[in-house]
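Have the sequence and the structure open side by side as you read.

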Amino acid sequence: MDETHNNRTSLAKGAKDIAKEAKRQAAKNFSQAVDRASDEYTTHRSYNRFQNEDEEEDNYDSYPPRDGLFADNADSAANDEDGASSDATEGHDVEDEIYEGEYQGVPAYNDGKPRDGQVALGQPVCDSLKSRKELENERQADEEELAQQYELIMQECGHGRFQWQLFFVLGLALMSDGVEVFVVGFVLPSAETDMCVPNSGAGWLGSIVYLGMMFGAFFWGGLSDKVGRKQCLLISMSVNGFFAFLSSFVQGYSMFLLCRMVSGFGIGGAVPIVFSYFAEVLAREKRGEHLSWLCMFWMIGGIYASAMAWAIIPHYGWSFSMGSAYQFHSWRVFVVVCALPCVSAVVALTFMPESPRFYLEMGKHDEAWMVLKHIHDTNMRARGEPERVFTVNRIKIPKQLDELVEMRNESANPVLKVLLKIKAELRGIWLTFMRCFNYPVKDNTIKLAVVWFTLSFGYYGLSVWFPDVIKHLQADEYASRVKVHNNERIEDFTFNFTLENQIHRNSVFLNDRFIGMKFKAVTFIDSSFLNCYFEDVSSVGSFFKNCTFVDDFFYNTDIDDAKLTNSRVVNSSFHHNKTGCQMTFEDDYSAYWVYFVNFLGTLAVLPGNIVSALLMDKIGRLSMLGGSMVLSGISCFFLWFGTSESMMIFMLCLYNGLSISAWNSLDVVTAELYPTDRRGTGFGFCNAMCKLAAVLGNLIFGSLVGITKAIPILLASAVLVGGGLVGLRLPDTRANVLM
């Protein structure tokens, strides 16, 4: 009996201990639930580790106790806590510990919305009950808080290896933009000659490429605010590289124009995305200087294009043909070589992460945290401090505003899905663009558009005008050395050498032979060719006006109806005529001269790049922007004294050196004035205005070459000075953090 009584006593004691332990655990879980709800109410944040919790704790966390459920047990549980252990509970920790050095996962962000099965205690007003204006105000407040916090995070990450790696990768993309601009001018004469473009179609190449870049800047810049900087830059650069490479093989001029237009559409996204991308991984004290250094790659692209054109295009021997239908001349080799920076940029960009600032703007806390940690660890390892720990675990996320999404059937036509997706993206880009004209960025958008337009109009207009004026001076000097032959008579003579820069008027050629020779800038006027033999004859800039051909034989020549102006052909035959337009650079030093002039003009911006990078944060963006544009406008007046080639080249170098500081300052100011959710769109719009001004500048200034100097000089000076004064009215962004 005693043994039975003892067993019952031990059993009752054990049950009592278990009950006390259950009460203690319930009180502890209740306290934790209250603390969590209080924290959600005060901070609207919840950071959880990527670890599985015990099923029992999850149940308690998900369903808070009802009123009074443990009220009568809380005090007794607290009083019995020290002595309430038994054999069944002895040895258990009060709570699971996370020891120092143990991997704790990525801090997860909770925007204050309750999880499934969880009650958001203490939340005064549901978002669904708030107006759109209230939600936008809350988001604005969140963005201001994030901007301050992000600046501190970038200071902790430091400036080092990661930024320099991204600097060179984005530099290749910006270099591709510079190459694309210069390729147009270098390829234009050769492509139009090779493809026999009439004068009515000449000049379209330059305009069509800038139009493609204009639409590309707006589209890719806006899309980068929706899908990300890296992804958009990868796609746009891939489009540019593919169609630039394809354009070197097409034979028709219309297809060549189409390929270059799509290529320009792709490269149009480079400038707005590159500067937005790089600005978002730089701390405030580094931003102005390093964005200015990045601008040097545009200059490097111009130097690369000039050097390659100088080395490749004049070498006519760098070509091959497949019959008479397919010609691959040296200028096509140049186009292929100019696509290499774009290909290199695409390959290098695949190894870089997305902008963490964009991730935070989209509410992707974990992805942003991982990228920031990668930046921090990369820089710390490069400094020899790999033990430094990334201490940031809470990053503010702006309130995510719901957008209307068009519902569609999952089983719908795939083509219809793609079209609806494109429509939705275009609508999103347009809505973001319209927000660029909302307060408080409306005035800044208008002023920036004016400055971009005026600076581009003056720069690209004079960039076209300078080389054309130099060519005009060269043509005048070349024409002054022309040899004129009047009333000559040549019989039984063999021409097997080049005739250059001559005019033959009222001449008679009788029983003459033209074999293996070239006509270069030779014009025959009112002349007669009687019983003559032409074999393997090439002509460049040569014409027969009001001439008569009687009993003549033509074999393997390029003399056709286009070169026989108002001429009469009697009893003459043409056999195996050369097809296509003939190109030759032999003994033509003007081609080398044009490329060399552009090389010098591009190299002249190097001092301006260095000065702007060193002084950007010292004297301010606006002072440099306005001062550079005003000085550039004043320098245009010295063009009155440009009466020789050497003087015009000097003026070209002076103008480029003064204007480059304005370009660098404008890039920095534009990247800093727009908030992150509109930075790509706003920058893309401004860059589109830049390309529109380039088209107008090409057309207006190009039409004035050889007519008058007064209008181009006064027009360029007026727009540059006016744009500089508008630029001084922009807000100073030197002390701004990125919104």
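Arginine 513 stands opposite tyrosine 533 in S11. That contact belongs to the parallel pairing of strand S8 with strand S11, which is made over three bridges. Strands here are DSSP runs of E with at least two residues, numbered from the N terminus, and two strands pair if DSSP finds at least two bridges between them. This is a predicted model, in which local features need pLDDT of at least 70 and side-chain atom pairs count only at pLDDT 80 or more, while totals for chains, interfaces and linings use all residues. Residues are numbered from 1 along each chain as its sequence is written, and side-chain values use heavy atoms, with hydrogens and water left out.

| Strand paired with S11 | Residues | Bridges |
|---|---|---|
| S8 | residues 513-515 | three bridges |
| S9 | residues 518-525 | three bridges |
| S14 | residues 553-557 | four bridges |

Now to another group of strands. An open sheet of five strands runs in the order S4-S7-S10-S13-S16, with parallel pairing. Its edges are S4 (489-491) and S16 (568-570), each pairing on one side only. Within this sheet, S10 (residues 528-530) and S13 (residues 548-550) are joined in parallel by three bridges, and serine 528 stands opposite threonine 548 in S13.

Finally, the cysteines. Cysteine 295 is buried at 5% relative accessible area, and cysteine 338 is buried too, at 9%; buried means under 20% relative accessible area, with a 1.4 Å probe and protein chains only. The whole structure contains zero disulfides, a disulfide being a pair of cysteine sulfur atoms within 2.5 Å.

Key: Buried means under 20% relative accessible area, exposed over 50%, partly exposed in between (1.4 Å probe, protein chains only).
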